[in-house]
Amino acid sequence: MGNRRSELNRWLCVAVTVFLCLGFRLGHATAAEDGFYKGKTIRLIVAFSAGGGYDTYSRTIARHLGKYIPGNPTVVVDNMTGAGGFIHANYMFKQAKPDGLTIGNNSGGLFLQQVMGAKGVEFDGKRFEYLGAPAVDHLTCGIAKASGVTSMEKWFAAKEPVRFGGVGPGGFASDLPRVLQAALGLPVKVIDGYKGTSDIRLATESGELAGSCLSWDSYKTTWRKAIESGDVNIIIQAMPKKHPELANVPLAMDYAKTDEAKKLIKHGAHDLAYSARPYFLAPGTPKARVQLLRTAFADVLKDPDLLAEAKKASFGIEYVSGEELESIVFGLYKIEPAFAAKMKQILVP
């Protein structure tokens with residue numbers, strides 16, 4: 001009995017020592033991370049042009065993020081446009097320092113582009129460190145009233161392809177109309193090369209384009225006047241269920257007649273809606289710093305001032321955690337190769 005008690009005491013001593021050492025190391029690491037950001041500047045780089053939906057979210061987040069990071073660093077927003085987000089993603093992967101001072105914001109559609117083997121991909125989405133996303137994109141397509149296409153029936157019957165503005169493969173503005181064209185047989189012509197949704201809006205207002213496919217929040221935030229006046233009509237929703245504010249707008253899946261069409265809409269729209277606005281760090285960023293920024297990102301999206309700004313600007317906040325986002329992105333890499341090849345034919349012109 002005495003030997004057993006002595007053995008138990010020795011194990012308890014070992015366990016306590018290990019616990020204290022780990023606690024000291026964790027506390028030391030936390031303290032080091034807490035002091036890292038003091039007096040520093042975080043650069044939040046958006047892959048699309050100023051004035052669009054991605055930019056609006058990022059600038060709103062940047063105004064409040066610093067107060068949730070120990071040391072209260074300054075947060076500035078830059079725009080790095082081009083190639084539908086590829087330039088930005090390649091920069092974040094190859095050139096951004098893994099020190100937690102550069103945060104990227106891009107389109108989740110780029111990860112599907114990598115899965116499909118698109119040209120120009122010099123990044124690996126599985127190696128980024130994900131902080132989360134501020135919203136789930138409720139994907140829609142809107143068409144200008146001046147085009148004469150004001151309903152799905154008129155779109156199907158259009159004699160000429162409806163011209164949509166795109167930012168390039170990997171951006172929903174480009175990918176979603178191509179998915180709908182392939183899945184539903186809609187007449188579509190995507191004009192790539194726009195730097196962001198603000199540029200697409202201006203081209204639509206001038207008559208250069210007929211419309212665009214964006215999130216409903218982007219429409220409400222940056223196209224509000226055109227929506228309220230009826231100059232632009234939301235024609236279709238590419239989500240599993242209708243948005244409460246768009247009860248009379250049909251779902252894309254309602255028109256899907258084959259299993260392949262349904263699968264295209266699922267992988268090309270539904271699955272990507274939750275990873276549409278990822279915020280991430282360069283590969284190799286210290287894990288303690290990643291966790292610190294994940295916590296700050298979660299906290300800032302509950303900030304009363306940020307929520308008041310979001311409500312005033314009519315864009316929604318529906319937090320997706322870094323862990324959830326990472327799981328969703330990794331799931332894209334499990335799409336069967338044969339179907340990925342089929343999607344490549346559709347999405348990579």
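This is a predicted model: local features need pLDDT of at least 70, side-chain atom pairs count only at pLDDT 80 or more; totals for chains, interfaces and linings use all residues.
Figure 1. Just after H7, Gly-207 has a positive phi of about 90 degrees.

**Figure 2. Helix H6, residues 172–184****.** At 1.5 Å a residue, the 13 residues of H6 should span 18 Å, and the 17 Å between its end C-alpha atoms agrees with that expectation. The expected figure is 1.5 Å times one less than the number of residues. H6 is mostly covered, with eleven of its 13 residues buried. The buried residues begin with the run Phe-172, Ala-173, Ser-174, Asp-175, Leu-176, Pro-177, Arg-178, Val-179 and Leu-180. Ala-183 and Leu-184 are buried as well. An α-helix has 3.6 residues a turn, so residues three or four places apart point the same way.

**Figure 3. The largest cavity and its lining.** The count of cavities of 30 Å³ or more comes to one. The largest cavity has a volume of about 140 Å³. Its lining is made of 16 residues, and Tyr-54, Phe-172, Ala-173, Thr-197 and Leu-214 lie nearest its centre. Two elements, H6 and strand S8 (211–215), each give two or more residues to this lining. The largest share, three residues, comes from S8. Sorted by class, the lining has eight nonpolar, six polar and two charged residues. Phe-172 and Ala-173, which lie among the residues nearest the cavity centre, are also among the buried residues of H6.

**Figure 4. Helix H7 and the elements that cover it.**

**Figure 5. The disulfide between Cys-141 and Cys-213****.** A disulfide is a covalent bond between the sulfur atoms of two cysteines. The structure holds one disulfide. In it, the sulfur atoms of Cys-141 and Cys-213 are 2.0 Å apart. The pair links distant parts of the chain, for Cys-141 lies in strand S5 and Cys-213 in strand S8, 72 residues apart. The torsion about the S-S bond is about 100 degrees, so the disulfide is right-handed. Because buried means under 20% relative accessible area, Cys-141 at 0% is buried, and Cys-213 at 1% also counts as buried.

**Figure 6. The largest pocket.** The largest pocket has a volume of about 260 Å³. Of its 15 lining residues, Val-136, His-138, Met-239, His-243 and Glu-318 are the closest to its centre. By class, the lining comprises eight nonpolar, three polar and four charged residues.

**Figure 7. The second largest pocket.** About 200 Å³ of space lies in this second largest pocket. It is lined by 14 residues, of which Ala-144, Ala-146, Thr-204, Glu-205 and Leu-209 are the closest to its centre. The lining has seven nonpolar, three polar and four charged residues.

Definitions and conventions: Residues are numbered from 1 along each chain as its sequence is written. Side-chain values use heavy atoms; hydrogens and water are left out. Helices (H or I, at least four residues) and strands (E, at least two) are DSSP runs, numbered from the N terminus. Buried means under 20% relative accessible area, exposed over 50%, partly exposed in between (1.4 Å probe, protein chains only). On a 1 Å grid over the protein atoms alone, a cavity is a set of points where a 1.4 Å probe fits but cannot get out, and a pocket is an open set with protein on both sides within 12 Å along at least five of seven lines; lining residues have an atom within 4 Å of a point. Grid points are joined across faces, edges and corners, and a volume is the space filled by probe spheres set on the points. Ala, Val, Leu, Ile, Met, Phe, Trp, Tyr, Cys and Pro count as nonpolar, Asp, Glu, Lys and Arg as charged, and the others, Gly among them, as polar. A disulfide is a pair of cysteine sulfur atoms within 2.5 Å.
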